[in-house]
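Let me put the model up and then we'll walk through a few spots.

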Amino acid sequence: MLSATIAAHPAAAITLRQRHSLRHRQPLRVPIGAAAPRRRMATARPLVVKAVASQGVPAVPPKLSFPILVNSCTGKMGKAVAEAAVSAGLQLVPVSFSAMEVPGGRLEICDREIQIHDPSESEKVLPSIIEEYPDLIVVDYTVPDAVNANAELYCKLGLPFVMGTTGGNRQLLHKTVQDANVYAVISPQMGKQVVAFLAAMEIMAEQFPGAFSGYKLEVMESHQATKLDVSGTAKAVISCFQKLGVSFDMDEVKLVRDPEEQVKVVGVPEEHLAGHAFHMYHLTSPDGTVSFEYQHNVCGRSIYAEGTVDAAMFLYTKIKSGASKKLYDMIDVLREGNMR
């Protein structure tokens with residue numbers, strides 16, 4: 001769910017938790033985009049639309065089929081991507097890497113048997129896979145500690161890849177890809193609609209710096225209990241608010257990881273406690289008479305899996321067209337306008 005709410009005269013004593021629990025506030029009743037009396041609609045400036053999509057009707061994406069290796073299929077995110085790739089008609093390479101022990105060293109995904117190798121074998125195994133599947137693209141959903149080492153191996157082998165794993169040294173990651181001149185999509189956030197929201201935030205921060213000077217920001221984010229750090233998405237949104245003039249430190253983010261609190265306070269459905277991303281950003285004016293609230297809630301992993309497959313398809317078309325640019329992010333994928 002993506003939402004933006006504007007409220008006037010909020011109760012000063014209401015805490016962030018209490019505000020969030022009021023899930024059924026009446027929205028502003030004036031429709032978004034409605035014109036005031038005697039005001040011409042034609043004067044509106046569609047900034048966000050221009051930023052994330054080409055003008056005109058986007059072309060229908062062609063049916064693509066190419067080999068894709070998901071590293072690693074044993075994780076929940078990797079498995080979701082593998083299933084989405086098969087659903088999209090891509091050729092799921094029956095090989096993956098994982099330190100997780102799998103019975104018989106094999107895993108079944110969408111009636112396909114995937115052979116699981118230890119990560120230490122990747123440099124020995126990948127060359128033969130590349131030879132067998134010359135148009136291969138790798139999707140990486142491993143662990144933060146493996147990001148840079150994996151990218152270095154992909155680049156060493158000249159293997160195009162989509163890096164969905166967060167963490168690692170991001171500056172070094174980009175430098176590694178640029179120095180190797182290898183095609184890659186790197187993004188800590190693969191959910192297309194969430195990326196579009198981030199793009200809108202960046203536009204606002206760039207065009208209206210200081211617009212929220214003096215405002216107080218409160219941030220709450222809820223993820224599955226296994227995620228211990230602040231999400232990259234929250235960091236990116238907070239960075240935009242800082243450019244807009246808000247003073248805020250990352251250690252002020254309220255991390256909700258307790259399942260009971262997630263259900264009772266945040267409103268996470270119980271069936272999605274093991275996989276969700278609920279974010280809320282609340283701004284209050286210096287005198288407490290105006291507040292703004294931005295919220296995006298994601299249940300499950302399908303939004304990220306579908307976005308990752310779109311990123312792989314995007315990268316494949318860039319490779320086939322011989323594009324001079326090699327390093328991309330999800331904003332580039334959005335701008336292409338050919339998503340399914």
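Quick housekeeping. This is a predicted model, where local features need pLDDT of at least 70 and side-chain atom pairs count only at pLDDT 80 or more, while totals for chains, interfaces and linings use all residues. Residues are numbered from 1 along each chain as its sequence is written, and side-chain values use heavy atoms, with hydrogens and water left out.

Back to α10: 14 of its 20 residues are buried, so the rest of the structure largely encloses it. Buried means under 20% relative accessible area, exposed is over 50%, and partly exposed is in between, with a 1.4 Å probe and protein chains only. Just after α10, G322 has a positive phi of about 70°.

Now the strands. Strand β12 (residues 276–284) has 9 of its 9 residues buried, so it too is largely enclosed by the rest of the structure. H276, F278, M280, H282 and T284 point one way, A277, H279, Y281 and L283 the other. In a regular strand, side chains do alternate between the two faces of the sheet.

Who are the neighbours? β12 pairs antiparallel with β10 (residues 216–223) over 8 bridges, and with β13 over 9 bridges; pairing takes at least two DSSP bridges. F278 sits opposite S222 and also opposite N297 in β13. β12 and β13 make a hairpin with 5 residues between them, and G288 in the turn has a positive phi of about 75°.

In β13 we also find H296, buried at a relative accessible area of 3%. Its side chain makes a polar contact with that of Y281, at 3.3 Å. For us that's a pair of N or O atoms within 3.5 Å; within protein, one must be able to donate a hydrogen and the other to accept it, and sequence-adjacent residues count only if both atoms are side-chain atoms.

Y281 also belongs to a ring-pair cluster with F197, F241 and Y294. Rings of Phe, Tyr and Trp (its six-membered ring) pair with centres within 6.5 Å; planes under 30 degrees apart are stacked, over 60 edge-to-face, the rest tilted.

Note on methods: Helix = DSSP H or I, 4+ residues; strand = E, 2+ residues; numbered from the N terminus.
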